[in-house]
Amino acid sequence: MTEIGADVARRAVLAAQGFADARPSGTVTRAHLQRVLGRLHLLQLDSVNVAVRAHYMPLFSRLGAYPRDLVDGAAWSHSARRPRLLAEYWAHEACLLPVADWPLLLSGAKRRGWWKHYGPLVEREPGLVSDVLAAVKELGPVGAGALEDALGGRSTPRPSGATWWERSEVKRICEYLFGVGELTTGTRVHFQRRYDLPERVLPAAVLAAPPVPDDEAARRLVRKAVAALGVATEPEVRDYYRLGPERNSRALAELVEAGEVERITVRGWRRPAFRVPGAPVPRRVTGRALLCPFDPLIWERARAERLFGFRYRIEIYVPERKREFGYYVFPFLLDGRLVARVDLKSERTTGTLRVKGAFVEEGVDEVRVAAELAAELRVMAEWLGLDAVEVGDRGGLATRLAREVRAA
């Protein structure tokens with residue numbers, strides 16, 4: 001069995017994730033978007049918008065400033081000349097993914113998600129299911145609230161103060177139909193999903209493709225996960241699309257036997273790892289990037305700590321007085337290392353990208369880190385349409401970073 005060092009594994013991971021590629025020097029196009037998606041295969045969606053929506057940021061991290069309507073057009077609009085590139089579905093979590101992968105995730109390769117618990121409601125209310133589908137056909141793309149209004153008194157009203165999970169029957173049925181592929185996202189308005197029928201949204205070739213057998217779908221998903229991760233253990237591969245342990249292990253074994261995936265060891269790792277044979281490993285990785293909490297490079301926190309020696313936790317749900325670094329913290333990647341982190345907030349009313357805290361890792365060149373981070377924050381602010389970067393006083397890097405920002 002091949003053995004590699006931890007540094008080789010780290011560079012392989014960065015290359016697989018697109019961080020060994022130079023950013024485009026000119027206008028970023030749909031072709032650049034497709035190149036990144038060809039590596040990552042998905043963009044995680046999240047409702048938090050304190051700095052920028054999560055699905056926009058991984059592309060910025062790899063491409064630099066780009067028009068965000070490239071993503072909007074690829075995900076939520078289409079025409080005969082420009083068919084839809086992305087579909088929404090439950091992959092790692094709620095994600096945008098290439099339309100060709102939508103049938104793979106609808107197969108039995110992936111275990112049904114939380115929406116399966118609405119199955120008894122669907123069986124109990126077949127008439128309401130038919131009414132929902134008919135209303136979507138007539139009104140779509142349409143939100144669940146508008147569907148409730150259209151269907152009159154058929155839905156159960158939400159009680160006052162209900163949480164997100166306390167849903168009306170119409171909303172539950174929409175989520176179930178979305179999960180089984182009978183509904184999809186037609187568009188989003190202010191990030192709210194508008195349901196539509198797949199045949200009005202997805203390319204005909206995707207809908208007409210023959211069903212993929214479950215085992216074959218699992219192998220395709222697992223190979224995509226291995227390629228996207230670069231070097232990964234079995235649980236990390238499984239986590240990419242949230243496959244079941246038995247299905248994932250069997251698919252990995254079959255891919256290894258077929259020579260499409262290689263089993264290796266990494267010095268210092270307790271578990272064996274997997275990679276795609278022949279995947280490039282650069283001699284060094286240069287460049288910089290800010291990473292949102294839902295970037296696939298770092299979303300598995302134990303993996304990020306093993307690869308980079310960087311302990312990272314998202315503190316959104318931690319009471320403010322107990323937070324170590326801040327509410328929505330972006331790690332900073334520089335020349336293949338995670339060297340700092342910043343707590344960011346976009347203040348759109350004042351046109352300011354606010355750095356509420358800035359923290360540097362031990363043993364790095366603070367002068368260079370501050371200069372590179374200040375430059376990247378300026379690029380990010382301009383990309384978001386903000387006029388200024390302002391640095392607060394929290395964190396050991398704050399004073400030096402503020403000086404660099406003012407100097408610019």
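**Domains, cores and salt bridges**

In this predicted model, the C-alpha centres of domain 1 and domain 2 are 28 Å apart. Their contact draws 18 residues from domain 1 and 21 residues from domain 2. Domain 1 covers 2–107 + 211–275, domain 2 covers 114–208, and domain 3 covers 313–407.

The size of an interface is often given as the accessible area lost when the parts come together. For domain 1 and domain 2 that area is about 1,600 Å², with 64% of it on carbon and sulfur atoms. On the side of domain 1, E88, W90 and W102 lose the most area to domain 2, and together they account for 37% of what that side buries.

The interface of domain 1 and domain 2 also holds two salt bridges by the rule used, and six residue pairs in polar contact. Strand β3 (86–90) and helix α5 (102–106) each supply at least two residues of the side of domain 1 that touches domain 2. The largest share of that side, four residues, comes from β3. E88 forms a salt bridge with R188, and the closest N and O atoms of this pair are 2.8 Å apart.

Side chains of opposite charge can pair when their charged atoms come close. By the rule, the model has 35 salt bridges. One of them joins R337 and D7, at 3.6 Å from N to O. This pair links distant parts of the chain, since R337 is in strand β11 (residues 337–347) and D7 is in helix α1 (residues 6–16), 330 residues apart. R337 counts as partly exposed because its relative accessibility is 41%; D7, at 33%, is partly exposed too.

E216 is partly exposed at 27% relative accessible area, and R220 is partly exposed at 39%.

E366 and R400 form another salt bridge, with their closest N and O atoms 4.0 Å apart. Here E366 lies in helix α15 (residues 366–383) and R400 in helix α16 (residues 398–407), 34 residues apart. Some salt bridges share partners, and these join R23, R288, D335, R368, E372 and E376 into one network.

The last topic is the nonpolar residues. The largest nonpolar core has 115 residues, of which V132, F330, M380 and L401 touch the most other members. Leaving out residues up to four places away in sequence, V132 touches L147, L151, V170, I173, C174 and L177. Apart from this core lies another, of 26 residues, including A12, V266, L291 and F310.

Key: Residues are numbered from 1 along each chain as its sequence is written. This is a predicted model: local features need pLDDT of at least 70, side-chain atom pairs count only at pLDDT 80 or more; totals for chains, interfaces and linings use all residues. Side-chain values use heavy atoms; hydrogens and water are left out. A nonpolar core is a set of buried Ala, Val, Leu, Ile, Met, Phe, Trp, Tyr and Cys residues joined through side-chain atoms within 4.5 Å. Buried means under 20% relative accessible area, exposed over 50%, partly exposed in between (1.4 Å probe, protein chains only). Contact means heavy atoms within 4.5 Å. Domain bounds come from an automatic or database domain assignment. Buried area is the accessible area (1.4 Å probe) that two parts lose on being put together, summed over both. A salt bridge is a side-chain nitrogen of Lys or Arg within 4 Å of a carboxyl oxygen of Asp or Glu. A polar contact is a pair of N or O atoms within 3.5 Å; within protein, one must be able to donate a hydrogen and the other to accept it, and residues adjacent in sequence count only if both atoms are side-chain atoms.
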